[in-house]
Protein chains: 2
Amino acid sequence: MDKIIEPNFSKGDGLIPAIVQDLESRDILMLAYMNRQAWEATLQTGRATYWSRSRQALWVKGETSGNFQMVKNVFIDCDSDTLLLQVEQIGKAACHTGYKSCFYRKLEGKNFVVVGEKIFDPEEVYK
Amino acid sequence: MDKIIEPNFSKGDGLIPAIVQDLESRDILMLAYMNRQAWEATLQTGRATYWSRSRQALWVKGETSGNFQMVKNVFIDCDSDTLLLQVEQIGKAACHTGYKSCFYRKLEGKNFVVVGEKIFDPEEVYK
């Protein structure tokens, strides 16, 4: 029987980074962190679930905004300490600022400038 | 004058994650970490330079294999604590195992299985 490969949560205070990619556009939407509990919740529900470092709590992405991430594919890296999730992004926007992607600023010369597409007004979504 | 936006190295022991995406195929190649020194070296040389957590040393990606990463675009996330590099991957392979991407294993059922494309034999490259 094949050896079961699992994410290695032993580095980084029990947290590993998860890269989130839009399955269809292949845009990178965000990076978040998972502990074992978040990983298991993601597998069980099919909805991306992270560990919020700022709130120190389990975080079902989209629980406030409705912009859930439906997990379609999961990849693990060579060291088993980083995950790549390919998701269907409900609501077309991943970032709490209202942009489609959290990576909405691009380096131009010596500074980062906004290049991303804004999908919603965060003041209307997070009341 | 616009405020200069910079990566925030104050979290995570002075290290921030950098997602590396192939500019052309839009495949995710790897995730690595940068400290300020690695970030500045990347900007100065145009070659992706990281901080190796295992070796505790500056790491010019490709210095051994020749598989340098030429940085074409850099994005920063909403919290300024994660970078996204779009690169031209020299040698077509980013992973030290010889695979094109470090994310060469995909979750199928309850286990991860190899789905990636192997480009080189690591025993020949890293002598």
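Predicted model: local features only at pLDDT ≥ 70, side-chain atom pairs only at ≥ 80, totals over all residues.
Local features need pLDDT of at least 70 and side-chain atom pairs count only at pLDDT 80 or more, while totals for chains, interfaces and linings use all residues. Residues are numbered from 1 along each chain as its sequence is written, and chains are lettered from A in the order in which they are written.

Select both chains. A rotation of 180 degrees, with 0.0 Å of shift along its axis, superposes chain B on chain A with an RMSD of 0.0 Å (least squares on the C-alpha atoms of residues with pLDDT of at least 70 in both copies). The two copies are thus related as by a two-fold rotation axis. To find the axis, pick Arg26(B): its C-alpha is the one in chain B nearest the axis, at 3.2 Å.

Next, select the contact residues, 28 in chain B and 28 in chain A (C-beta atoms, placed from the backbone, within 7 Å). The same surface serves both copies, with 100% of the contact residues of chain B recurring in chain A.

At least two residues each come from S1 (16-22), S2 (28-34), S5 (69-76), S7 (105-108) and S8 (111-114) of chain B. S5(B) gives the largest share, four residues.

Finally, show S5 (residues 69-76) of chain A with S7(B): the two strands run antiparallel and are joined by two bridges (strands pair if DSSP finds at least two bridges between them). Here Ile76(A) stands opposite Arg105(B).

Note on methods
Contact = placed C-beta atoms within 7 Å.
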